[in-house]
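Reader: Please go through the surface and the side-chain pairs of this model with me.

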Amino acid sequence: MASAVRFWQVLREKGPSQVTFWFIALMIGIAAGFAALFFRKGISALQHTLYGVEDVRLMHSFAESLPWYLILLIPVGGGLVVGLILHWFTPDGRVRSVADVIEGAALDNGRVEERAGIASALASLITLGSGGSSGREGPVVHLAAVISTRVSKWIRADGITGRDLLGCAVAAAVSASFNAPIAGALFALEVVLRHFAVHAFAPIVIASAAGTVINRLEFGDVTEFSLLDGGTLQFYVELPAFLILGLVSGLIAVVFMKATFWAEDMGNALQRVTGIPRWLRPAIAGLMLGAIAIWYPHIIGVGYETTSAALTGQLLLHEAIIFTVVKAAAAAITIAGRMGGGVFSPSLMVGAMAGLAFGIIATSILPEMSGSGTLYALAGMGAVAAAVLGAPISTTLIVFELTGDWQTGLAVMVAVSLSTALASRLVDRSFFLTQLERRNIHLAAGPQAYLLAMFRVGRVMRPMDHENAAPEEKLLTLIEQGIYTDTNATLERALPIFERTGLDFVPVVQLAPGDGPPALEGALFHVDALKAYNKALAATAAEEHS
């Protein structure tokens, strides 16, 4: 007993060794895998309770037989509960998701909000169980990040260790959600950590494998979707069609993302003008979803049944087109209505249906030189999802692992590469990074853009009692001229003052409440700010190449 206590004391005080860290990664992987499993089972149980469906994989088929008022009212009730949860347990009534995990990795040493994160996971579970049209992967990723945050705080992990633990949790959550261990590991590196450092690879793979084992113990070694045999590719003749599909998918992904952001802006404006309380917003979104679901029950929940129908060619051309538009609108309403859930599953469904529609048209033009139209559905699914996530590598692998079809890799890769290249020029690289950009968190351009926002002027300034402090008279003169910066400001805001004035230093003040005069605290020297910035850049580069 005493040795165990001593072990944990050393772990907390000196940090984990490499072997110990791998063990922690394994434990986090198991915990995140179970979190993903319970989240998925919880959605199924809630759908069974509310809708009475026996097999949730056949949700929309079953919903067609339900009374219209149930389809209308269930999402409203779910939205009302979601609104109250977010109102009580989050400061802003907003669901936490993958974007917040990326922010935590970049700006908060691999930590995320715990209280708001748990509330968001519960809200998303209720949303998906009561008819919300979003995905389960985003909430699971953030829930896993909450687990790693708790462990990081417990062992007092530094920034690098905290980010690695966060990557382990994300990898396990994704792999457990999709039964996709390779894609789970690469998703954590490509999307969340945004680097492929060697030191992070081994623990992330261990955690990803653990998450996959949890999934397979419950569901077996089966793929999420089953494809029909015979999806062949006439390589040299048909590749130009997949190039065009990639461009079309990129445009569809951009429209989907911008529609979601537009819906969010409209919701914010209406809420501001009408004075609707924030806890009522998800219920209003639920009412809109219920009205759509009366005619198109395909939008209810994750939507894997409709996605599977697209991948097996069971939809007609007009059905594929209509369902693409309706699903995109429903997902935008769900997310903008702050009901919770992620964008990955909706993007898979939109991509599969759009790809099928494209494939039906393409194969009808030159049927003797074309393969199966369902191959286009597979490529479209990957292309739209990759553009939305900004993750061409991991999304390509997720498509392969979801379907078990590794024979058509060239077609999928061609479509994914072009869709991602096009969409990244029209938004800030991905849905998540654009979300952050809209909050004035500039991660899309890389560390050189966001590191300045991590430093407060008060940490870098020279106080008045510093041995090399700036002359007080000069500082007071500059304050009278209106040239100064707040001690709580970031270097991102302070550095432009040097560029504008050409000064070597600027006064740092503590702003008084009301109209009181600012109190002089010290001076920020241009050279000190640049030294802090260069040191942070060097540390980031060292981590990414270690």
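Reader: Which residues form a nonpolar patch on the surface?

Author: This is a predicted model, in which local features need pLDDT of at least 70, side-chain atom pairs count only at pLDDT 80 or more, and totals for chains, interfaces and linings use all residues. Residues are numbered from 1 along each chain as its sequence is written, and side-chain values use heavy atoms, with hydrogens and water left out. Patch residues have over 30% relative accessible area and no salt bridge, and nonpolar side chains (Val, Leu, Ile, Met, Phe, Trp, Tyr) are joined within 5 Å. The nonpolar patch is formed by Leu-317, Ile-321, Val-325, Ile-361, Ile-365 and Leu-366.

Reader: Which element gives the largest share of the nonpolar patch?

Author: Helices are DSSP runs (H or I, at least four residues), numbered from the N terminus. Two elements give two or more residues to the patch, helix 15 (344-365) and helix 14 (317-336). The largest share, 3 residues, comes from helix 14.

Reader: Is Ile-365 buried or exposed?

Author: Buried means under 20% relative accessible area, exposed over 50%, and partly exposed in between (1.4 Å probe, protein chains only). Ile-365, in helix 15, has 60% relative accessibility and therefore counts as exposed.

Reader: How many residues apart in sequence are the parts that Glu-218 and Lys-41 tie together?

Author: The side chains of Glu-218 and Lys-41 meet in a salt bridge at 3.0 Å, N to O; the term requires a side-chain nitrogen of Lys or Arg within 4 Å of a carboxyl oxygen of Asp or Glu. Because Glu-218 lies in helix 10 (residues 198-219) and Lys-41 in helix 2 (residues 18-51), the pair ties together parts whose separation in sequence is 177 residues.

Definitions and conventions:
Patches are made of residues with over 30% relative accessible area and no salt bridge: like charges are joined within 9 Å, nonpolar side chains (Val, Leu, Ile, Met, Phe, Trp, Tyr) within 5 Å. Accessible areas come from the Shrake-Rupley method with a 1.4 Å probe; for residues, only the protein chains shown count as cover.
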